[in-house]
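The entries follow in the order I looked things up.

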Amino acid sequence: MRGGSTITQQLAKNLYLSPSKTPLRKLQELIIARRLEAELKKSRILELYLNVIEWGDGVYGVEAAAQAYFHAPAAALGPAESALLAAAIANPRLHNPARPTARLIRRQQLILRRMGAVIPPQESAQLVR
């Protein structure tokens, strides 16, 4: 069964709750998620999420995933590798970015198209000056 949880709800579950699928746990997840959103910026929530989720069997956090799959630090990855990691989030035990399947490559291409003309934060700050 696939859930419809937001990234904040998934972060709340991963940090504070069990993986059980009970109505009580979902309520607790919602309350914690609201508190996280009240205290943290969205960029910080995303950063925490990317650093606690599983990216493969025993691989936790984006830095570990970058090292495991591309033998490079996360900051050194280009758009193609980053999109491949993002594509694998849906099922990290099945999808291996180091050996992408046709389906994973299609998801990667979709992510790259959606990224389009996204300007990374440090570059957009330079444009304002």
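Entry 1, contacts of L104. I listed what L104 touches, setting aside neighbours within four places in sequence, and found L84, A87, A88, H95, N96 and P97. The model is a predicted one, so I read these contacts as features of a prediction. I placed L104 in helix 6. Is L104 buried or exposed? I noted a relative accessible area of 0%, and because buried means under 20%, L104 is buried. I then took one of the contacts, L84, and looked up the C-alpha separation from L104: 7.2 Å, for two residues 20 apart along the chain.

R103 has a relative accessible area of 48% and is partly exposed. I found R103 listed in a positive surface patch, together with R106, R107, R113 and R114.

How many salt bridges does a search of the whole structure find? I noted five.

I began with R44 and E47, whose closest N and O atoms are 3.3 Å apart. Both residues sit in helix 3, residues 42-52, at a spacing of three residues, or about one turn of the helix. R44 is partly exposed at 36% relative accessible area, and E47 is partly exposed at 41%.

Next I went to R93 and E54, a salt bridge with 3.0 Å between the closest N and O atoms. This pair links distant parts of the chain, 39 residues apart: R93 is in the loop between helix 5 (79-88) and helix 6, while E54 is in strand 1, residues 54-56. R93 counts as exposed, with 57% relative accessibility.

R93 came up again with D57, where the closest N and O atoms of the salt bridge are 3.2 Å apart. D57 is in the loop between strand 1 and strand 2 (59-60), and R93 is in the loop between helix 5 and helix 6, so this pair ties together parts 36 residues apart in sequence. I noted D57 as exposed, at 64% relative accessible area.

I also recorded one network, in which salt bridges that share partners join R25, K26 and E29.

Which residues make the nonpolar surface patch of about 370 Å²? I wrote down L24, L27, L30 and I31. I checked L27, which lies in helix 2, residues 23-39. L27 counts as partly exposed, with a relative accessibility of 47%.

Definitions and conventions: Residues are numbered from 1 along each chain as its sequence is written. This is a predicted model: local features need pLDDT of at least 70, side-chain atom pairs count only at pLDDT 80 or more; totals for chains, interfaces and linings use all residues. Side-chain values use heavy atoms; hydrogens and water are left out. Patches are made of residues with over 30% relative accessible area and no salt bridge: like charges are joined within 9 Å, nonpolar side chains (Val, Leu, Ile, Met, Phe, Trp, Tyr) within 5 Å. Accessible areas come from the Shrake-Rupley method with a 1.4 Å probe; for residues, only the protein chains shown count as cover. A salt bridge is a side-chain nitrogen of Lys or Arg within 4 Å of a carboxyl oxygen of Asp or Glu. Lys and Arg count as positive and Asp and Glu as negative; His and the chain ends are not counted. The place of a charge is taken as NZ of Lys, CZ of Arg, CG of Asp or CD of Glu. Buried means under 20% relative accessible area, exposed over 50%, partly exposed in between (1.4 Å probe, protein chains only). Helices (H or I, at least four residues) and strands (E, at least two) are DSSP runs, numbered from the N terminus. Contact means heavy atoms within 4.5 Å.
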